[in-house]
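Work through the following exercises with the structure in view, and try each task before reading its solution.

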Amino acid sequence: MTLRPAAGLWIALVSAATFGVSGPFAKSLLEIGWSPGAAVGLRIGGAAVVLLIPVLMALRGRWSTMHGNALTVAIYGTTAIALCQLFYFNAVQRMSVGVSLLLEYLAPVLLVGFLWLRSRHAPHALTIIGSVTAILGLLLVLDLTGDARLDPVGVLFGLAAAVCLVVFFLMSARVDESLPPIVMAGGGMVVASITILVLGLTNVMPFRFVFSDVELAGQTYSWIVPVAVLVLVATVAAYVTGILAAQRLGSKVASFVALTEVMFAVLAAWLILGELPGAIQLLGGLLIVAGVVCVRLDELRSAPDDDAALDQPHTVEPLLRP
């Protein structure tokens, strides 16, 4: 695959923006009585249905490719999609959303550490500076000075979600070039749907649906509206563009650009729920962007060397290929 960093950066920002809108729309469902399991289950299950026909079309004459990557798709769907959301919602049940999201988005730092251990080469100073800057920006955007509260079990769930997010970036960057991104995303959704169904039937992630109107941007809408946005925008578009971005940028840079999801989530909450971001949160958004720029510059400067070279999908075999 020919890597186009500029295009990859824009695709990564689109992915972050589409992921970011999930919070306000999911919150509108939770406020009328939906359980997290119901919201996640319908979101993932709906995406699996939407992607079914495009996946079948993409696989015409290429079923052997799917067979050869079955284990990769299974692990991707179970870990990077289903378990990541399960762990995150369990963390939210025990702690504030801000703390839970912060723990999940330690994933880029964990990824830098993983690449450091695997390559046995310390990251360059610019990557370290970018890491620290982005995390500081994330702290400001989340505004943890409010109702933040910690719970030991919740912290473990949040860190587990971060590990699952690392798996998402690593597997997205190293997916077999013969496997179309739409197939990777669609196949993963099917596996995730089955996983969530099992979790729901066993009451690990209970299902509770309430079919009444929701409040969005001061207006009343049918519950179908947030469900449609969650399925089509925050899941189908988000995951497909996320895979494309990771393939073009590499897992490390893609994971740092994904930090901007928090900034997009704050903006979406402002527009949809009327939750106006403060000056500190806007400053945090600028720091996140600055951190991403530092990591990206370091990646471009050191692309032929060290961990950056190891992070290119065309030079490394998929980590979880069967």
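A crossing of two helices is called left-handed if the near helix is turned anticlockwise from the far one by less than a right angle, and right-handed if clockwise. The model is predicted, so that local features need pLDDT of at least 70 and side-chain atom pairs count only at pLDDT 80 or more, while totals for chains, interfaces and linings use all residues. Residues are numbered from 1 along each chain as its sequence is written, and side-chain values use heavy atoms, with hydrogens and water left out.

**Exercise 1.** Describe how helix H10 and helix H11 pack, and state the handedness of their crossing.

Helices (H or I, at least four residues) and strands (E, at least two) are DSSP runs, numbered from the N terminus. Begin with the geometry: H10 (residues 181–201) and H11 pack at an angle of about 130°, and their axes are 9 Å apart. Here axes are lines fitted to C-alpha atoms, for helices over the stretch in contact, and angles run from 0 to 180 degrees between N-to-C directions. Angles under 35 degrees count as roughly parallel, over 145 as roughly antiparallel, 65 to 115 as roughly perpendicular and the rest as oblique. H10 is therefore oblique to H11, and the crossing of the two is right-handed.

Next, look at the residues in contact (heavy atoms within 4.5 Å). On the H10 side these are Pro181, Ile182, Met184, Ala185 and Met189, which meet Thr235, Tyr239, Val240, Ile243, Leu244 and Gln247 of H11.

**Exercise 2.** Describe how helix H8 packs against helix H13.

The axes of H8 (residues 125–142) and H13 (residues 260–273) come within 10 Å and cross at roughly 20°, which means that H8 is roughly parallel to H13. The crossing of H8 and H13 is left-handed. Leu138, Val141 and Leu142 of H8 make the contact with Val262, Met263 and Val266 of H13.

**Exercise 3.** Which residues touch the most other members of the largest nonpolar core?

A nonpolar core is a set of buried Ala, Val, Leu, Ile, Met, Phe, Trp, Tyr and Cys residues joined through side-chain atoms within 4.5 Å; buried means under 20% relative accessible area, exposed over 50%, partly exposed in between (1.4 Å probe, protein chains only). Among the 86 residues of this core, the answer is Tyr76, Leu138, Met189 and Tyr239. Helix H11 (residues 224–249) supplies the largest share, 13 residues. Take Leu138 as an example: leaving aside neighbours within four places in sequence, Leu138 is in contact with Leu102, Tyr105, Leu259, Val262 and Ile288.
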